[in-house]
Amino acid sequence: MSELKVYSPSTTSEDDVVILVHGTFAGSEHEEGVAFWQRKSGVWGELEKRLPAGISLQDNGRLFHWSGENNERERLKGAKALLDYLAQFEKSGQGYHLIGHSHGGSIIWMALRQASVDGIPLDHLRTWSTVGTPFLRHRTVNPISLANGINIIAGLFFLSHARTSLQQIFRIIHCALFHPDHYARTQVEILGRDVNLMDYLMYDQLGWLAIAGVLVMFFVFAQLASFFIGPVIESRRIRQELHAEKCVMQEFGCCWLGVWSPDDEAINGLRTTLHLDITFVGKVTAADRIFVSDYLSFLWIPYYWTVAPTFNYIVRPLLNHFVRQYVSKAVQGNNRPSAELCNVSTAPIGDAEVNVIPALPYFIAQRITERANAKAKDIAPKLRTLLGQKTLMAGLAAFNSELSGEELVHTSYFEDPDVLNLLTIHMALHRNDRRYLMQAAAYHRQLLEWTRYFREMAGDWEGAEMLDRILRDTPAEPIEVRRRTAA
């Protein structure tokens, strides 16, 4: 496909700016490099060529960074950092377009959701696009459920005991400082020792032990209270976020573009973790008499009759469940308290509407898959490097250094020029750049038709109607379009 270019982007401060957000394991402190979001990369240059007039990349200043670690805490931390980063553009009144790859799209989505919950206006957000982003939907108990009621009662019970322990500590200190004579007489009655309380607490080992015991009781009760109250707080927070999702889509849904392939390994892999069915703990059964020591197994027959059934049908399923849950959460990066991943979708909307959001046009998705398959043929020789190392970790490090990222569909989106074209068409649409869109209709009609369909399925009727008019008014054959030369 040919390059889509109408204008060279301006570099004035009045331009809208494009902010690129990287995904998991793609973070770096360097501003320049080969990653799509770094300056002087191939993708950076190709995207810059395609941007409509009035939109430019960040040629100056600090780019946005987040850790890139695969867990919910870091993603939420990155979302808050993104909101802080966007504050400078909101303050200056400069428009901005967000493009996130993989969990970089999750960072954007979580930032929008956080802004809705906290009441932070994002008046200068023009568009936001997600590329290969798995949208994770978490499930939690209802805040007014019986389980939360029990947690609240238990939490308040332990919290009251923690408060009592803390009061005892302050009471002892206060009385030791301001009423030593009164408590000296009290100590005589209890311990049979005629000593000043301050001397007892400061210089007697039993006094130290008493203070330490009260402190330990305070921390134990406080931790038990947090153990029960924590899930209640998190369940309420998650409910707030689920409500915020609807508000975000009502406000910003018309300026969202989702780019994804049905062959995306990350999205499909995360979905498999929802129904992971792997047995980690085997059954306890009598061993076949193969080795000489097996003939002594008759001594274990009472054990197999009594303990084995309980282990096999009660303990074993529970152990397998907990291990599967641990493995699944590790792969999902789900370290959020009291939250269980219940759905992985390709759109940040309700489950019933996910299926109507279209994937990439077939010819683009197929081209990306074929390119990834061609690159994946070179993986086999690289595996020998892994197997030839002295340790597994050294082998994995060597293997990872040999990978280019083009072996996977998930990391190959930006290598396809039409993916970049779709992103810039989306920006031009929301700037009402009719001239840019007319050229797109002439040279890349299929892309504009897909964009029109996407806008319709996403509920952006105004955008779909505008593209309909442009497609009707523009000939299907390529036409000569006057282009402005670079400054």
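In the second largest cavity, strand β5 supplies the largest share of the lining, three residues. A word on sources before I go on. This is a predicted model, where local features need pLDDT of at least 70 and side-chain atom pairs count only at pLDDT 80 or more, while totals for chains, interfaces and linings use all residues. Residues are numbered from 1 along each chain as its sequence is written, and side-chain values use heavy atoms, with hydrogens and water left out.

Now the terms. A cavity is a set of points, on a 1 Å grid over the protein atoms alone, where a 1.4 Å probe fits but cannot get out, and lining residues have an atom within 4 Å of a point. A volume is the space filled by probe spheres set on the points. Strands (E, at least two residues) and helices (H or I, at least four) are DSSP runs, numbered from the N terminus.

Back to the second largest cavity. About 60 Å³ of space lies in it. Its lining is Trp-109, Phe-135, Leu-136, Arg-137, Glu-245, Ser-345, Ala-347, Pro-348 and Ile-349. By class, that makes six nonpolar, one polar and two charged residues. Here nonpolar covers Ala, Val, Leu, Ile, Met, Phe, Trp, Tyr, Cys and Pro, charged covers Asp, Glu, Lys and Arg, and the others, Gly among them, are polar.

How many cavities of 30 Å³ or more does the structure hold? There are two. Two or more lining residues come from each of α2 (72–92), α3 (103–118), β5 (135–139) and α7 (205–252). Which element gives the most? That is α3, with five residues. The lining of the largest cavity has seven charged, six nonpolar and three polar residues.

Next, the surface. Tyr-313, Ile-314, Val-315, Leu-318, Leu-319 and Phe-322 make a nonpolar patch of about 600 Å². Such a patch takes residues with over 30% relative accessible area and no salt bridge, with nonpolar side chains joined within 5 Å. Tyr-313 belongs to helix α9 (residues 301–332). Tyr-313 counts as exposed because its relative accessibility is 63%, and exposed means over 50%, buried under 20%, and partly exposed in between.

Last, Ala-212, in helix α7. Its relative accessibility is 33%, so Ala-212 counts as partly exposed. Ile-169 is 43 residues from Ala-212 along the chain, and their C-alpha atoms are separated by 9.7 Å.

Conventions
1 Å grid on protein atoms, 1.4 Å probe; cavity = no way out; pocket = protein on both sides within 12 Å on 5 of 7 lines; lining within 4 Å. Patch = residues over 30% accessible without salt bridge, like charges linked within 9 Å, V, L, I, M, F, W, Y side chains within 5 Å. Areas by Shrake-Rupley, 256 points an atom, 1.4 Å probe, with all protein chains shown as cover. Salt bridge = Lys/Arg side-chain N within 4 Å of Asp/Glu carboxyl O. Buried < 20%, exposed > 50% of the residue type's maximum accessible area, 1.4 Å probe, protein only.
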